[in-house]
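Here are my notes on this one, written for someone opening it for the first time. Have the sequence and the 3D view side by side as you read.

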Amino acid sequence: MLSQDFQAVYNIFKKNFYASMCANSKELTMQEAFSLDIIYMLDHPTILEYAKYMGISQPNATYKINQMIDKGYLIKEVCQEDKRAYRLKVTQKFLDCYRDNDRYIKKSLDDIENMFSLEEVQLLEKMLTTIQEHMTQGE
């Protein structure tokens with residue numbers, strides 16, 4: 001039951017994210033929205049780091065990245081550690097689209113605070129913090 005309930009909530013958040021990304025930007029494909037989200041979560045990855053994470057070749061990654069750069073959602077910055085490499089950074093245009101997802105999450109959290117007692121909300125916060133710590137230990 002827990003597994004199904006968690007998966008259902010997770011899917012609702014994912015559907016909202018991709019729907020809002022594509023609704024806000026008619027020019028983004030679903031794959032590009034996914035790629036931009038990954039780049040954002042990886043926090044300024046190099047092209048090689050992005051390619052490895054996505055399981056694609058570096059030339060394929062470069063092609064996809066250039067498409068997103070041409071659309072104004074991504075920029076390449078020279079890597080300070082290795083001047084031959086680039087770090088990927090999402091642009092304000094992406095962040096503006098991303099804000100709809102942030103608003104949805106804030107509304108969901110406001111609803112949780114209104115539906116549950118303070119003690120239940122604090123327990124949820126504690127559980128989420130513990131889960132996050134556990135999940136990030138292997139990184």
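Where does threonine 46 lie? Keep that in mind; point 2 picks it up.

1. **Ground rules.** You're looking at a predicted model, where local features need pLDDT of at least 70, side-chain atom pairs count only at pLDDT 80 or more, and totals for chains, interfaces and linings use all residues. Residues are numbered from 1 along each chain as its sequence is written, and side-chain values use heavy atoms, with hydrogens and water left out.

2. **Threonine 46.** Threonine 46 sits in the loop between H2 and H3. Threonine 46 counts as buried because its relative accessibility is 11% (buried means under 20% relative accessible area, exposed over 50%, partly exposed in between, with a 1.4 Å probe and protein chains only). Setting aside neighbours within four places in sequence, threonine 46 is in contact with Tyr86, Arg87 and Leu88 (contact means heavy atoms within 4.5 Å).

3. **The whole chain.** There are six helices and two strands, in the order α-α-α-α-β-β-α-α from the N terminus. These are DSSP runs numbered from the N terminus: helices are H or I with at least four residues, strands E with at least two. The C-alpha trace spans about 55 × 35 × 25 Å along its principal axes. Of the 139 residues, 25% count as buried. Of the contacts with a separation of 6 or more, 43% come from residues 24 or more positions apart.

4. **H4, end to end.** Helix H4 covers residues 58-70, 13 residues in total, and reaches 18 Å from first C-alpha to last, close to the 18 Å expected at 1.5 Å a residue (the expected span is 1.5 Å times one less than the number of residues). After H4 comes glycine 72, with a positive phi near 90°.

5. Which residues of H4 are buried? They are Ala61, Lys64, Ile65 and Met68. Down the axis of H4 these buried residues fall within an arc of 100°, so they line one face of the helix (the arc is that of the directions from the helix axis to the C-beta atoms). As background, an α-helix has 3.6 residues a turn, so residues three or four places apart point the same way. Turned away from the buried side of H4, you'll find the exposed Pro59, Tyr63 and Asp70.

6. **What covers H4.** The cover over the buried residues of H4 includes helix H2 (30-42), helix H3 (47-54), strand S1 (74-78) and strand S2 (86-90).
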